[in-house]
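Hi,

Have a look at it first, then read on.

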Amino acid sequence: SVDPMAYEAQFFGFTPQTCMQRIYIAFQDHLFDMMLVVEGVMLKKLHGVPGCKISPSQIRKCTEKFLLFMKEHFDKLFSKMEKMLLQLVLNIPKNVLLPEDRVQEQYPYSQEEFQALQDELQQLQQQCRAEVALQQELLAELEEQKVVKAELEKILQCFDDLENICREHGAGNFKESFAFLTQSSKKLQDVLKDVEEKSK
Amino acid sequence: FDELIVETATRRKRWPKKILVHAVQTMKAEQE
Amino acid sequence: GRAQVFSAVVDTFLEKLVAAGSYRRFVNCYRCFYKLQPQLTRSIYDQFISQLQVSIKEEIQEVKNEGNLEELFSSLDKIVEEAKDREEPAWRPSGIPAQDVRGALVPSVLQQRAHLRRALRQRQGRSSSLAEAVLAGRHSIAELQQLIQARQQAWQ
């Protein structure tokens, strides 16, 4: 089973295996190129030696023999290097969390807890809306109360005006003066009756 | 496979922040 | 740090590779040429080895530049250093994007909740003072009505 080393890829931006493959291919190319250069120099040298009995295919065989040997060691050494680099350098230890993921451990919310959090938000929003609606109703009632109070005060004002009129015309305490008025009108009626009887 | 891993890892690194930006915008809009 | 280990491991690889490809081995493979040109064989071998080392070192430097490895290694060293006191394995992506994104959203959702709680408290405060004002208003209207009632009865 291949370890995709995805967490390392999240940090490095490439998979460690790709990095190692990149290095392997480049090193291998250099080894091959060098071998070709070595072979080229030898062939060129032999080409300049008159009556030389060594054929290019012989040199090629030597090259292949040396390269085969080098390649074996190269692969052995490279796999050791790869193992070490993947373990010590291009890896993220199990106990390490990348900065961008710190939030995951600061707030370990399960799905249920997160859902509960979302529900609470919904509920708070509804409560806020309810409060706003309540405020509007209360404000409306306060407006209404203003009007009603104004009306009631007008009525009270009428009573005050009435009493002021009475006072202006000498009737300080309305009740007494009303009683007085009743009495004096009663007297007047008596006097009137009296006069009528006398006049008969 | 390698590209898939890098693509997935890159998204894991970048997208939560991007999504967060939109989520915060949504929440601010809801607040308003 | 990681950068030093990286360089050390690569240098060791190179040393061992050069040690494996010894001059004796080289001569052993190129015996026919060596018999003809021993000095040249030596200098070809020496150049081969030094050129191989130079090109591999250049290659490694290029890989470091390409992958910005020096900087990545030092920042990873810091991150690992910060986690040195913790034993237990750290969180890792679950493979369920929705679940992992949720974790990233939690701080903002908590902020939203705090904001809404604050807003609700403010509104509730305002509502209760409005409610007091309304009750006081109702009370004073009742008083006014009683007053009017009394005045009216008096007139009656």
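Let me start with one residue. Leaving aside neighbours within four places in sequence, Glu120(A) is in contact with Arg113(C) and Arg117(C), where contact means heavy atoms within 4.5 Å. Glu120(A) sits in helix α5 of chain A, and its side chain makes a polar contact with the side chain of Arg113(C) at 3.0 Å. (A polar contact is a pair of N or O atoms within 3.5 Å; within protein, one must be able to donate a hydrogen and the other to accept it, and residues adjacent in sequence count only if both atoms are side-chain atoms.)

Some housekeeping before the rest. This is a predicted model, so to speak with cut-offs attached: local features need pLDDT of at least 70, side-chain atom pairs count only at pLDDT 80 or more, and totals for chains, interfaces and linings use all residues. Residues are numbered from 1 along each chain as its sequence is written, chains are lettered from A and ligands numbered from 1 in the order in which they are written, and side-chain values use heavy atoms, with hydrogens and water left out.

Chains A and C

Here 85 residues of chain A are in contact with 83 residues of chain C. About 8200 Å² is buried between the two chains, and carbon and sulfur atoms give 77% of that; buried area is the accessible area (1.4 Å probe) that two parts lose on being put together, summed over both. The rule finds 25 residue pairs in polar contact across this interface, both partners at pLDDT 80 or more. On the chain A side, α1 (6-12), α2 (16-47), α3 (56-89), α4 (102-106) and α5 (111-168) each supply at least two residues, and α5(A) gives the most, with 29 residues. Helices here are DSSP runs (H or I, at least four residues), as are strands (E, at least two), numbered from the N terminus. By class, that side of chain A has 59 nonpolar, 12 polar and 14 charged residues. For the classes, Ala, Val, Leu, Ile, Met, Phe, Trp, Tyr, Cys and Pro count as nonpolar, Asp, Glu, Lys and Arg as charged, and the others, Gly among them, as polar.

How many salt bridges cross the interface of chain A and chain C? The rule finds 10, taking a salt bridge as a side-chain nitrogen of Lys or Arg within 4 Å of a carboxyl oxygen of Asp or Glu. Arg138(C) and Glu141(A) meet in a salt bridge at 2.4 Å, N to O. Glu82(C) and Arg102(A) form another, at 2.8 Å; Glu82(C) lies in helix α5 (residues 69-82) of chain C and Arg102(A) in helix α4 of chain A, so this pair joins two chains.

Chains C and B

This contact takes nine residues from each of chain C and chain B. The buried area is about 810 Å², with 71% from carbon and sulfur atoms. Leu105(C), Ser108(C) and Gln112(C) supply 47% of what chain C buries against chain B, more than any other three residues. The side of chain C that touches chain B divides into five nonpolar, four polar and no charged residues.
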